[in-house]
Amino acid sequence: MSRVRQLLRDADQLHVLQFWSELSADQRRALVRELLPLEPGGLKAHCEAACRAAAAPAPGAQRSLEPVPMETFGSVRRSDPELLSSWENQGWLQVSQSRVGVLLLAGGQGTRLGVDYPKGMYDVGLPSGKTLYQLQAERILKVQQLADSRHGTKCSVPWYIMTSEFTLSRTQSFFEQNQHFGLNPSNVVMFEQRMIPSVSFDGKILLQEKWKIATAPDGNGGLYAALEDNNVLEDMRSRGVEYLQVYCVDNILVKMADPLFIGFCLSKGADCGAKVVEKAYPSEPVGVVCRMGGVSQVVEYSEIGAETAELRGPEGELMFNAGNICIHFFTRNFLQEVAQKFKDELKPHVALKKIPFIDECGNKVTPSKANGIKMEKFVFDVFPFSRTFVVLEVPREEEFSPLKNAEGSKADNPSTVRNSLLTQHTRWAMSAGARLLNQYGNSVTTHTSDAAQVEISPLVSYSGEGLEELLRGRTLTTPLLLDQRKATELQSQHHH
């Protein structure tokens, strides 16, 4: 206990113990357990940095911004089919040799979504009732199966899932209850990111309970410390995983272990890569991948400034057009280097939040405006350390529709993501040659609002492939759920 007291005295945070005399033995133990891992120098520096950062003026428009150089840029829409298929073949080969893993950033809670459980467990109301986790698991199963049938292998794509104190146990038990959605449990590796203290504007650690400090996950850029803390890089090495696709849990259209993206990055000799989508309009609130002072990075929407956001190139296209969608490629060697050399150089970003706390009288206060500082790191903060950084532009309607907000908000809510998926699958079915009728017997054209009523299980098709033999020349009524059972049924009708 004396060690903890000394730690807090050195960091000027003794108020954390102000309710000590009221605590039960269990509560005292819990508080000590939480404080012991903190380093005195680190704690003091953290509190001071939070104060400084919160007081600093917001970064203004950046003058030295340049778009991503053309030679490091690729586009799915604008590349010729042969090039695309050469990238894809290279990616499939790597997947078939078990050299590709996927890593999910899932440490955040579903607060904006209005739920108290991890976002991956959310059911957006698809006909199948599948959650985000289930869709992602089944895409991994399908990728493994496709790679095996192309190359005659028995490969595995390990799934690393970074959780936080808030999400770890819920996520673990959800996967166990669902038999890991058919994946081999030894290929699903969950680990926890660090939690860091939330600080008031005058640099004092906030208490969440009398025996618990208020903490928050250290942002998705906490990944690099967590890889080290939990020996994840060592696990990758022992499995022979050389390449990693990192993504956020909330994107319902994410392609898992995307062979085309992997192959594109390898063809460019990249150690680090990002997928982007074209910005929908100049002021769309997404970070932009560009170069600043000659260094590749993501510049937040708020830092770009309206004038710069409006700049156009010779063809009338937006100059700063590469919207960041948090799907990244890393080589294991690059991650190893970041973890060993650079992770302490990542600059924390300041988030001013409403943080419930215990006041000095011991009352629980739920503030109505921001009262505290959470310091976060972002996963893309490592781009400047990359030797060869590349960017692949992908079609938004095929690859990006994030679930951020509760139903009823303007965008990125359960209805918008559900419709994105159903519209995508309707397009797949129609381009495979199916004729679709709505419930009134009228032909569906993709553009009508009642069109989007087809859901295709990832176990049937990963990205639209293999549907022609099932659907060509058929007339089907929507809503249509094309799962494995339905696919088998359609296949046997073909053979009769």
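Predicted model: local features only at pLDDT ≥ 70, side-chain atom pairs only at ≥ 80, totals over all residues.
Contact here means heavy atoms within 4.5 Å.

Residues are numbered from 1 along each chain as its sequence is written, and side-chain values use heavy atoms, with hydrogens and water left out.

**Glu469**

Glu469 sits in helix α15 (residues 468–471). Helices (H or I, at least four residues) and strands (E, at least two) are DSSP runs, numbered from the N terminus. If neighbours within four places in sequence are set aside, Glu469 is in contact with Gln491 and His494. Buried means under 20% relative accessible area, exposed over 50%, and partly exposed in between (1.4 Å probe, protein chains only). Glu469 and Ala274 are 34 Å apart in space, C-alpha to C-alpha, and 195 residues apart in sequence.

**Helix α4 and its partners**

Helix α4 (residues 81–96) packs against helix α9 (residues 259–267) and also against helix α5 (residues 132–151). Axes are lines fitted to C-alpha atoms, for helices over the stretch in contact, and angles run from 0 to 180 degrees between N-to-C directions. For the classes, Ala, Val, Leu, Ile, Met, Phe, Trp, Tyr, Cys and Pro count as nonpolar, Asp, Glu, Lys and Arg as charged, and the others, Gly among them, as polar.

| Helix pair | Angle | Axes apart |
|---|---|---|
| α4 and α9 | about 100° | 6 Å |
| α4 and α5 | about 100° | 9 Å |

The angle makes α4 and α9 roughly perpendicular to each other. Angles under 35 degrees count as roughly parallel, over 145 as roughly antiparallel, 65 to 115 as roughly perpendicular and the rest as oblique. From α4, the contact with α9 includes Leu84, Trp87 and Trp92, and from α9 it includes Leu260, Ile262 and Phe264. By class, the residues of this contact are eight nonpolar, five polar and one charged.

The packing of α4 with α5 has an angle of about 100°, so α4 is roughly perpendicular to α5 as well. Here α4 brings Asn89, Trp92, Leu93, Val95 and Ser96, while α5 brings Val143, Leu146, Ala147, Arg150 and His151. This contact has six nonpolar, three polar and one charged residues.

**Strands β4 and β5**

Two strands pair if DSSP finds at least two bridges between them. Strand β4 (residues 159–163) and β5 pair in the parallel sense over five bridges. Within this pair, Met162 stands opposite Phe191 in β5. On the way from β4 to β5 the chain passes through helix α6 (residues 168–177), in a right-handed β-α-β crossover. Right-handed means that, with the strands pointing away from the viewer, the path from the first strand over the helix to the second runs clockwise. Four of the five residues of β5 (residues 188–192) are buried.

**Strand β12 and its neighbours**

Strand β12 (residues 272–278) is largely enclosed by the rest of the structure, because six of its seven residues are buried. Six bridges join β12 to strand β15 (residues 322–331) in the antiparallel sense, and five bridges join β12 to strand β20 (residues 389–393) in the parallel sense. Cys272 stands opposite Phe330 in β15 and opposite Phe389 in β20.

**A three-stranded sheet**

An open sheet is formed by three strands in the order β7-β19-β16, with antiparallel pairing. Its edge strands, β7 (199–200) and β16 (349–353), each pair on one side only. Two bridges link β7 to strand β19 (residues 372–376), and Val199 stands opposite Ile373 in β19. Helix α3 (residues 40–55) packs on this sheet and touches β7, β16 and β19, with its direction at about 105° to that of β19.

**Backbone features worth a look**

Most residues other than glycine have a negative phi, and most peptide bonds are trans. Asn231, not a glycine, has a positive phi of about 55°. Asn231 lies in the loop between α7 (223–229) and α8 (232–239), and at 53% relative accessibility it counts as exposed.

Cys326 also is not a glycine and has a positive phi of about 55°. Cys326 belongs to strand β15 and, at 11% relative accessibility, counts as buried.

Finally, which residues are joined by a cis peptide bond? They are Thr478 and Pro479, with omega about 0°. Pro479 lies in the loop between β23 (475–477) and β24 (480–482).
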